[in-house]
Each structure stands twice: as C-alpha cells, then as structure tokens.
Amino acid sequence: IEADSTGSSMEEKPDVEMAENPFEPYIEPLRRQLENQEPVFLIGVIVALAVVISSCVFLKYFLSSKTVRSAVLLVGLCDSGKTLLFCRLLSGKFKRTQTSITDSSAPYKAKSDRGSTWTLIDLPGHESLRSQYLEKFKSTARAIVFVVDSAIFQKEVRDVAEFLYDLLTDIVISRNAPAIIVACNKQDITMAKSAKLIQQQLEKELNTLRVTRSAALSSQDGSIGGSMYLGKKGKDFEFGQLSMKVEFVECSARGSKSEDGDAELERLEKCLAKL
Ligand SMILES: Nc1nc2c(ncn2[C@@H]2O[C@H](COP(=O)(O)OP(=O)(O)OP(=O)(O)O)[C@@H](O)[C@H]2O)c(=O)[nH]1
Ligand SMILES: [Mg+2]
C-alpha cells in the first residue's frame with residue numbers, strides 16, 4: 001500500500017507544478033521583449049518602480065503618524081482638578097470625583113469651525129502611577145494639558161516643577177513637540193496665583209532643577225537615559241526656548257458659582273480649538 005501511494009503522488013507532481021505556474025506562457029515572450037529594449041528604457045522602468053514604492057512607504061508613514069497622534073492628555077499632580085476638568089470639557093456638568101487610579105478616555109469635539117475630534121485622556125496624578133501612565137500615552141499626544149492647582153501652587157511649586165521637567169525633557173515628547181497647555185486651575189479660590197506668576201516661578205524653579213539634574217548629562221548630543229537638556233545652554237531658562245509651544249491659561253473647573261454654575265474654561269477651550 002505504501003509503495004502504491006508514493007508512486008501515485010510522484011506521478012501527479014509535474015501536473016501540480018504546471019497548474020501552479022499560470023504565467024509560464026507569458027514569461028518567455030516578455031523576456032524576449034525586454035532583451036530587445038534599449039537599456040535606457042529598462043533603467044526608466046526601474047526608476048519609476050522605485051519612485052512608486054518609496055511614495056507608498058512615505059504616504060503610509062505620513063498618514064499613520066498623522067492619525068496616531070490624536071490624544072489630548074490631562075496630566076498634573078494629585079487633586080489639581082484633572083478629572084473634574086475631564087467631565088466639564090466633555091459634558092459641561094459638575095461631578096464629584098475621587099482620586100483616579102487608572103486612565104479614562106472619551107472623544108472630545110473641539111469648539112472650532114473645523115470641529116476636530118480628539119481623544120481626551122485623564123491620567124492619574126498619584127506619584128506612584130503618573131510616570132507609568134505618561135509612558136503609555138506620551139507618543140500619542142497631540143497636546144498635553146498640564147493642570148496646576150493655583151490655590152496651593154506656592155506649597156507645591158517644587159513638585160510641579162519636577163513633574164514638568166520630566167515631561168519637557170522626555171525625548172519622545174520633545175521630538176513630537178505636542179502643544180503644552182499649562183491650565184492654572186481653581187481660579188475661583190481667592191488665594192489662587194495668576195497664570196503669569198505661575199509661569200515666572202516655574203521658569204525660575206526649572207532653571208534651578210536644570211543645574212542639579214543636568215550634572216548627570218554626559219553624552220555629546222545632550223541626551224542620556226531618555227531625556228534631553230532643557231532649553232538653551234548658557235541662558236536662563238524660558239519656556240520660549242523649547243521646541244514645543246507652551247501656553248499658560250487660567251481656568252476654574254468648579255466655577256465661581258460652585259457646583260450649580262458653569263465652569264470657566266473659555267481660554268482652555270480656545271487653546272484646544274487651535275490644535
Ligand atoms: N475650588 C475648586 N475646586 C476644584 C476645581 N477643580 C477641581 N476641584 C476640586 O478638587 C478636587 C480634586 O479634583 P479631581 O478632579 O478629582 O483631581 P485630579 O487631578 O483628578 O486628582 P487625581 O485623580 O488624584 O490625580 C475635587 O474635590 C474637585 O471638586 C476648581 O476649579 N476649583
Ligand atoms: Mg483624577
């Protein structure tokens with residue numbers, strides 16, 4: 001039985017090969033045609049093919065990089081108001097919140113004529129979670145809303161600056177250069193610091209941090225361990241020196257009329273409309 005079955009399969013083999021190559025009758029005439037052509041014609045065909053292939057590769061890369069970076073991240077220290085801002089931006093309504101332990105996301109339609117839709121993502125601010133969530137979403141960020149509690153800014157300035165430093169010197173973030181919007185939240189509280197003052201104090205604090213942190217930088221291109229040098233060497237740090245645009249806006253996710261009233265987010269919404 002074994003000999004029989006092997007014998008029959010060997011007999012069938014040439015038939016299968018014939019059937020598998022339907023282009024066989026065309027190959028020989030094509031080869032003859034090509035042999036008769038001028039070499040210049042052949043080079044032209046090869047160049048044209050190369051152009052078509054490289055255009056396809058370029059288009060695929062260009063389109064995918066455009067579509068992937070459509071996230072607007074809400075980041076900041078614990079209790080700065082990210083989750084309330086997230087709710088207000090999406091529905092306009094007030095919501096009681098609890099400290100976030102995971103991310104949440106939803107489509108956000110910008111208030112512009114174009115009406116682009118971005119994915120708004122609320123990240124947890126807790127120290128032990130914030131870097132792992134930033135790592136997860138940073139490459140998709142079209143914009144990063146860095147939320148600051150303006151009412152207790154003085155007390156938190158060092159922590160705020162440290163977090164912002166990590167974010168601004170991140171290699172992926174500085175390469176993609178998403179818009180950075182520093183939302184100086186809780187402006188309804190009387191003690192709240194203004195956006196201008198927060199910007200000045202952060203520039204000062206980041207300047208100091210740069211001295212302590214950059215002592216660790218050694219490589220020639222200024223990058224080591226996934227971080228870049230902040231701003232321009234030999235000059236006091238200013239946000240204008242960065243590759244990304246950094247804007248400071250005042251807002252209040254709670255609003256001056258507390259839970260019943262509307263939030264005050266016009267300037268933040270305007271920034272998001274420009275993306
Ligand atoms: N007065 C005032 N309170 C606010 C404002 N925004 C948020 N809050 C309050 O601040 C507290 C913290 O707000 P959340 O939105 O939960 O803060 P969060 O940044 O998400 O905090 P984590 O999830 O822990 O990172 C809540 O009690 C909010 O009601 C604001 O603009 N003004
Ligand atoms: Mg939260």
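**Entry 1: ground rules**

Before anything else I noted that two strands count as paired if DSSP finds at least two bridges between them. I also reminded myself that this is a predicted model.

**Entry 2: strand E1 and its partners**

I started with E1 and E4, which pair in the parallel sense over six bridges. I looked up leucine 74 and found that its bridge partner in E4 is valine 145. Then I turned to E3, which runs parallel to E1 and is joined to it by four bridges. There, leucine 73 has isoleucine 121 of E3 as its bridge partner.

Is E1 mostly covered or mostly open? I got mostly covered, with six of its six residues buried. I checked both faces: Ala71, Leu73 and Val75 are buried on one side, and Val72, Leu74 and Gly76 are buried on the other.

**Entry 3: the whole sheet**

Next I traced the strand order, which reads E2-E3-E1-E4-E5-E6 in an open sheet of six strands with mixed pairing. E2 (104-109) and E6 (246-250) stand at the edges with a single partner strand each, so one side of each has no neighbour in the sheet. On average, neighbouring strands here are turned by 25° against each other, direction ignored.

I also looked at E4 (residues 141-149) and E5 (residues 179-185), which run parallel and are joined by seven bridges. Isoleucine 144 has isoleucine 180 in E5 as its bridge partner.

**Entry 4: the core**

Which residues touch the most other members of the largest nonpolar core? I found Leu73, Leu74, Val145, Phe146 and Ala183, out of 51 residues in that core. I followed up on phenylalanine 146: leaving out residues up to four places away in sequence, it touches Val75, Gly76, Leu164, Ile180, Ile181, Val182 and Ala183.

**Entry 5: helix H4 and ligand 1**

H4 lies across E1, E2, E3, E4 and E5, and I noted that it runs at about 155° to E3. Which helix gives the most to the shell around ligand 1? It is H4 (residues 82-91), with three residues. Of the 21 residues around ligand 1, Gly81, Thr83, Thr97, Ser100 and Gly125 come nearest. Sorting the shell by class, I got five nonpolar, 11 polar and five charged residues.

**Entry 6: chain totals**

Last, I wrote down that the protein chain has nine helices and six strands. Buried residues make up 28% of its 275 residues. Among contacts with a separation of 6 or more, 72% come from residues 24 or more positions apart.

Key:
Residues numbered from 1 in each chain as written. Chains lettered and ligands numbered in written order. Predicted model: local features only at pLDDT ≥ 70, side-chain atom pairs only at ≥ 80, totals over all residues. Near = placed C-beta within 6 Å. Helix = DSSP H or I, 4+ residues; strand = E, 2+ residues; numbered from the N terminus. Nonpolar A, V, L, I, M, F, W, Y, C, P; charged D, E, K, R; others polar. Buried ≥ 20, exposed ≤ 12 C-beta atoms within 10 Å, placed from the backbone. Contact = placed C-beta atoms within 7 Å. Axes fitted to C-alpha atoms, helices over the stretch in contact; angles between N-to-C directions. Core = buried A, V, L, I, M, F, W, Y, C linked by C-beta atoms within 7 Å.
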